[in-house]
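Here is a friendly note to read alongside the model. Please keep the 3D view open and look up each residue as it comes along.

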Protein chains: 2
Amino acid sequence: MYGLNKQLALRVTTIFSVSHQRSIKPHLRAVHTFLSATKMDAAQEAQKREAFRQAVVNTLERRLFYIPSFKIYRGVAGLYDYGPPGCAVKANVLAFWRQHFVLEENMLEVDCPCVTPEVVLKASGHVEKFTDLMVKDDKTGTCYRADHLLKDYCKEKLEKDNNLSAEKTAELKHVLAMLDDFSPEELGAKIKGYGITAPDTKNALSDPYPFNLMFQTSIGPSGLSHGYMRPETAQGIFVNFKDLYYYNGNKLPFAAAQIGQAFRNEISPRQGLLRVREFTLAEIEHFVDPEDKSHPKFSEVSKLEFLMFPREDQVSAKQARRIVIEEAVSQGIVNNETLGYFIGRVYLFLTQLGIDKDRLRFRQHLANEMAHYAADCWDAEIECSYGWIECVGIADRSAFDLRAHTDKSGVPLVAHEKYAEPKEVEKLVIAPVKKELGLAFKGNQKMVVEALEAMGEKEAMELKAALESKGEAEFRVCTLDKVVTIKKNMVSISKEKKKEHQRVFTPSVIEPSFGIGRIIYCLYEHSFYMRASKDGDEQLNVFRFPPLVAPIKCTVFPLVQNQQYEEVAKKIAKSLTAVGISYKIDITGTSIGKRYARTDELGVPLAITVDSTTSVTVRERDSKQQIRVNVDEVASLVKSVTDGVSTWADILWKYPTHSS
Amino acid sequence: MYGLNKQLALRVTTIFSVSHQRSIKPHLRAVHTFLSATKMDAAQEAQKREAFRQAVVNTLERRLFYIPSFKIYRGVAGLYDYGPPGCAVKANVLAFWRQHFVLEENMLEVDCPCVTPEVVLKASGHVEKFTDLMVKDDKTGTCYRADHLLKDYCKEKLEKDNNLSAEKTAELKHVLAMLDDFSPEELGAKIKGYGITAPDTKNALSDPYPFNLMFQTSIGPSGLSHGYMRPETAQGIFVNFKDLYYYNGNKLPFAAAQIGQAFRNEISPRQGLLRVREFTLAEIEHFVDPEDKSHPKFSEVSKLEFLMFPREDQVSAKQARRIVIEEAVSQGIVNNETLGYFIGRVYLFLTQLGIDKDRLRFRQHLANEMAHYAADCWDAEIECSYGWIECVGIADRSAFDLRAHTDKSGVPLVAHEKYAEPKEVEKLVIAPVKKELGLAFKGNQKMVVEALEAMGEKEAMELKAALESKGEAEFRVCTLDKVVTIKKNMVSISKEKKKEHQRVFTPSVIEPSFGIGRIIYCLYEHSFYMRASKDGDEQLNVFRFPPLVAPIKCTVFPLVQNQQYEEVAKKIAKSLTAVGISYKIDITGTSIGKRYARTDELGVPLAITVDSTTSVTVRERDSKQQIRVNVDEVASLVKSVTDGVSTWADILWKYPTHSS
């Protein structure tokens, strides 16, 4: 049964993958932390992280960046709404994703349903293998994730038990590191061995067993047609490969992309916005000739240098280090140019959104994390208060997905390469003589025929030689589980020269897969800071969103409540709408300082204060610097900053600063 | 049981509403058609429409505007993918929706999960009443929609049976008109009476029974927590009312909006892209004081004139007629200004997308179509080959939804209006004396107390009078289903004057709800036409999408395959990307005519043919007019047309036409 957990590797190179893959690294890291720090340091560090997270999360909830879904009904674990500013941030992130990937790379975007029939997810392996291991409270039936309980036990022991022997400490650390490699039996034995009980009741627990993470439903009224809410968007692209290839003029490479909802019925969601039951994925499937994985635009990213964490460095307990992507490819650290190209593009995408490049690393999957068919796999991990979080998976999945659907559907999902001129190839031809085989094997004839036809070149040529020298030969038929005697007249084996006009092959797929909600959450943490108020008696919250991401681009404040100023404010508002800039007017009589603080908390980059009828004050969020601008110029100034045409520094060069 | 179908009215003012509401009008129309045309005319007309639809649908499928989902597995009825051009059209429609409604009206956008716990949909009434009537093949178990079978039977009889008596004809027409008003029993009796059997097997059918149209699932691992895939996005907004009201500074009116997937497990989907099991909805909930439904921006739409079809005109078998929206409101045809404002805004939205204004009408719901609580309801209906299709519902739903969630959750979803100065109001005070009631009624005390407290003003004052004159009175307690004697000492009833500082009330909600997929399908039909090829031997397909909607804004064709031209093409491509214009380069050696035809079929508005290194030819899709433009100017010219800054006529005025 050890293999069961291993089988999870079937489709787990994406982010949000099943437990086996997704948690090995944090454990390794946890172990390193333990090794390098005293218990006191670690506890203080954890407390600091927790306090920071609370400050961020409080601000996010209070300003409705997100809302626990169905709150008035006491909510549902793992489901969250985006409130108005969160929704705007999400729309901005998705619009930039579409610009950066779909438009700039001429990708074919598709939009497929969430409701998916069982057959598709059987082919992909999800029905059988998309599971987490679960234990139940023997008496109440409450369910827990088995690995979570074991992890909590080990961590608590290590953190709080001061009488642990060195041997026991080493053992617990080993368990943490191995957590995702355990079979259900091993996991069950550990839980029993440590005497772990249900956290809420202290009742005994069942043995661990797999729980499928897909939301199940039924399509149509009969109840006979099983379906699931898709656990990822990728399958919708794979099943359309044939049409998309045709749409692309039967040419490779090309990429298809999809943005949409995905669903995973987590056993017991933790980690707030990071582990949810419904989330937005943005996935790219780049189809490429397996014999040529170069990328024509690689030179555009090749000089980028950023934190990478190759497999070998992880195994030898080193740290992530800065590598130029070109070197990573040429040294074979990254498997191929196309994979390297996407790693570079993902780096640009994340940092342009505002992710701190020093808390972003590309971590290569370890051999035991990677599916057997995968050529290579890298996760973009972002460090936040929960540790290093997998936010984008970039995998070379070889031909696995297209082959799986070819096999299940019978529709060949293949590409063709026409040769400039026909090629002469030598082909093995195995021709069983059915009449003779029928006489000899009767009811077993079909199995023998199939076994003969399935021979590889080496085996076939050996059989041919044996038949020619001895007239007969022993031959093993797997499906009959026995050895039969094949005579010379029962099969003809030869090599024939054929002219081929084209090569037919299954493309490889390189898949960058983005967990949009996770990226946004990390962005919140990386953008958040606190600073003292003017009079120093209060800590004020600020989100330093780049204009690209900011939910609202600017605010308009009439300095005092008076009709003249309000009219100027309305005029400015109109000109902002005309150039497509979102804004918020605040005409409350609140002090200007309070109004600045309010919009700093929403991450609004620029504030326009109307303090005369001809010119106004424009204030930048982070520097708090102010300039004076004519009423007629202000909309185009704001636009040039928020569109990224000018930086604030450019603006300052043109307009002298002004002290309020 | 007649009430059952009626109850469907609970939440059916939106588009895609349950059968009761959604099909009454097509039937009425069908009846009118029958009355006004001979059978031959009707049959020819139907054939023509069918042929037109086939031409559109063939083009759409061939060019991957849409793809039947999971096609390689033989698909699933009612599920469709958007392929690359369809996906781009959808993104354009949604971006325009967001601009036209969310941004221009400063709406609060939210984004809630599709997975919804049962309690929310119990409160909304969907668990109990969101059903269609179904019959089963007695032997095979195949399911059919009961009303569909009866409708098909009547239509076929009327179309093909030439020996129908006048009486029978009238009867069948009456059945068609009444189809959605039948109770399950009446529907069953008709099916039995006409001897209708299962279409595929001719087996007998079961009695009709309600089938809930929501996809059911289970949240979390226990299997005990029922959930559904949301059938609409509106509930996510209602349950967040309290937070959104606070976010808006506790001020009314304000609107919240949501774009997202919705799911309906149709019994047997028909009508291609119009009746699907998963679709994108865009919904607005505009919360307003029930005592003031004026709209500050009404004057911006008030002079618009378009086809309206008021209730009275439908009942008296008139046609839709052009009405100025201002007059519709002032004459009381449309219930209030806010409803009128949104009708106007929806008209602008649809016609700017390219919906033909002569095939767009606003039809008012008949009294029997409308939920009992609704103040008024209008559907934007678009005529296509399937008839008049409900694409947007615009309903004044009064306080129903907020009250339903207040009752179920116990959280008051209300608004407050502070009075400028406190108001003196007279309030009814009913104070049951629990001790006396307890002695008199023992275990029934609670029910008597509740009944007394629930009295309206009139009933209470009558009881008070009776108690004062006779010392006791008979009093009916519904929950006990009996009459009890109440004595003077058991309750005190009085009117007290109180000072109130604010008014607390449940806001009304005005809900425009858009079926994005239906709008897009109608847009395809309204944009499609065929024209002869240059040599006249072929009919070519064209989509006359406005630039706003077009999936690709322009194409770039090097006239002949040569390096110089291809470099110019690349230079133009780069300048198009820089100004954010999507394009497609076609460097195949195909004739320029064929390349034009290909992109006309995708609805690309402008084509740039590179036929020199300094200037190029720009060709407009519908007029086929061509102008010559400098290479350096072409990107900004294309942008000005596709952004709507210039029309093609403006361009022609500046650049003389050019014959190729």
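1. Let us start with A:Leu307, which is buried because its relative accessible area is 18% (buried means under 20% relative accessible area, exposed over 50% and partly exposed in between, with a 1.4 Å probe and protein chains only). A:Leu307 belongs to strand β12 of chain A, residues 305-309 (helices, H or I of at least four residues, and strands, E of at least two, are DSSP runs numbered from the N terminus).

2. A word on the ground rules: this is a predicted model, where local features need pLDDT of at least 70 and side-chain atom pairs count only at pLDDT 80 or more, while totals for chains, interfaces and linings use all residues. Residues are numbered from 1 along each chain as its sequence is written, chains are lettered from A and ligands numbered from 1 in the order in which they are written, and side-chain values use heavy atoms, with hydrogens and water left out.

3. Which residues does A:Leu307 touch, leaving aside those up to four places away in sequence? They are A:Ala320, A:Arg321, A:Arg322, A:Lys357, A:Asp358, A:Leu360, A:Arg361 and A:Phe362 (contact means heavy atoms within 4.5 Å).

4. Now zoom out to the whole of chain A. Chain A has 24 helices and 28 strands, and its C-alpha trace spans about 110 × 70 × 55 Å along the principal axes. Of its 660 residues, 57% count as buried. Among contacts in chain A with a separation of 6 or more, 69% come from residues 24 or more positions apart.

5. Next come the charged pairs. Side chains of opposite charge can pair when their charged atoms come close. Over all chains, the structure holds 87 salt bridges (a side-chain nitrogen of Lys or Arg within 4 Å of a carboxyl oxygen of Asp or Glu). One network of salt bridges links A:Arg361, A:Arg363, A:Glu369, A:Asp379 and A:Glu381; A:Arg361 is also one of the residues touched by A:Leu307.

6. A:Arg63 and A:Glu601 make a salt bridge too, with the closest N and O atoms 2.9 Å apart. This pair links distant parts of the chain, 538 residues apart: A:Arg63 sits in the loop between α4 (39-62) and β1 (66-68) of chain A, and A:Glu601 in the loop between α22 (592-600) and β26 (606-610) of chain A. Are the two partners buried or exposed? A:Arg63 counts as buried because its relative accessibility is 14%, and A:Glu601 counts as buried because its value is 11%.

7. In chain B, B:Arg145 and B:Asp132 form a salt bridge whose closest N and O atoms are 3.4 Å apart. B:Arg145 is in strand β6 (residues 143-145) and B:Asp132 in strand β5 (residues 131-136) of chain B, 13 residues apart. Both B:Arg145 and B:Asp132 are buried. B:Arg275 and B:Glu266 also meet in a salt bridge, at 4.0 Å from N to O, and both of these residues are buried.

8. Finally, look at two helices of chain B. Helix α8 (residues 146-160) and helix α10 (residues 184-193) of chain B pack at an angle of about 40°, with axes 10 Å apart (axes are lines fitted to C-alpha atoms, for helices over the stretch in contact, and angles run from 0 to 180 degrees between N-to-C directions). The contact is made by B:Ala146, B:Asp147 and B:Leu150 of α8(B) and B:Leu187, B:Lys190 and B:Ile191 of α10(B).
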